[in-house]
Amino acid sequence: MKVKIFGSDGDSLALAKAVNEFIKDKDVVDIKYTTTFIVNKYGDFGVPESGIFVDRAMVMWEPEVNVLYADNEAVGVVEGE
């Protein structure tokens, strides 16, 4: 199994597009998603005034596997992306 992590800078549409493009030819096992609010400006007395949502997605997939044969016997395995 392989894993790739995607992140956003507050643009969830761009994150979704990147994940969809990546998985279109993959044998996906699972996708995990999380979002976090990060304060980027504080006001008086340390009270948060504004922030940004940062999204992450982790894609787990099974890579393509090619079995190598010699004289009708498996002699190795080559893993693709």
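Is K26 buried or exposed? Select it in this predicted model: K26 has a relative accessibility of 17% and counts as buried, because the cut-off for that class is under 20%.

**Stop 1**

Side chains of opposite charge can pair when their charged atoms come close.

**Stop 1: the hairpin**

Next, colour strand 2, residues 27–42, and strand 3, residues 48–62. The two run antiparallel and are joined by 14 bridges. Go to Y42 and look across to strand 3, where P48 is its bridge partner. The hairpin formed by strands 2 and 3 has 5 residues between them. Within that turn, select F45, which has a positive phi of about 60 degrees.

**Stop 3**

Show the side chains of K41 and E49, which meet in a salt bridge at 3.6 Å, N to O. E49 is exposed, with 52% relative accessibility, and K41 is partly exposed at 45%.

Then move to D30 and K32. This pair also forms a salt bridge, and the closest N and O atoms are 3.0 Å apart. K32 is partly exposed at 43% relative accessibility; D30 is partly exposed too, with a relative accessible area of 28%.

**Stop 2: the nonpolar core**

Select F6, L15, V19, F22, A57, V59 and W61 together. These 7 residues make up the largest nonpolar core. Helix 1 (12–23) and strand 3 each supply at least two residues of this core.

Now centre on V59 and display its surroundings. Leaving aside residues up to four places away in sequence, V59 touches K2, V3, K4, F6, V19, F22, I23, V28, D30 and I31. Among these contacts are the core residues F6, V19 and F22, as well as D30, the salt-bridge partner of K32.

**Stop 3: a nonpolar surface patch**

Finally, switch to a surface view and select V65, V67, Y69 and V77. They form a nonpolar patch with about 390 Å² of accessible area together. Which strand gives the most to the patch? Strand 4, residues 65–70, does, with 3 residues. V65 is found in that strand and is partly exposed, its relative accessible area being 45%.

Notes
Residues numbered from 1 in each chain as written. Predicted model: local features only at pLDDT ≥ 70, side-chain atom pairs only at ≥ 80, totals over all residues. Heavy atoms only, no water. Patch = residues over 30% accessible without salt bridge, like charges linked within 9 Å, V, L, I, M, F, W, Y side chains within 5 Å. Areas by Shrake-Rupley, 256 points an atom, 1.4 Å probe, with all protein chains shown as cover. Salt bridge = Lys/Arg side-chain N within 4 Å of Asp/Glu carboxyl O. Helix = DSSP H or I, 4+ residues; strand = E, 2+ residues; numbered from the N terminus. Buried < 20%, exposed > 50% of the residue type's maximum accessible area, 1.4 Å probe, protein only. Core = buried A, V, L, I, M, F, W, Y, C linked by side-chain atoms within 4.5 Å. Contact = heavy atoms within 4.5 Å. Pairing = 2+ DSSP bridges.
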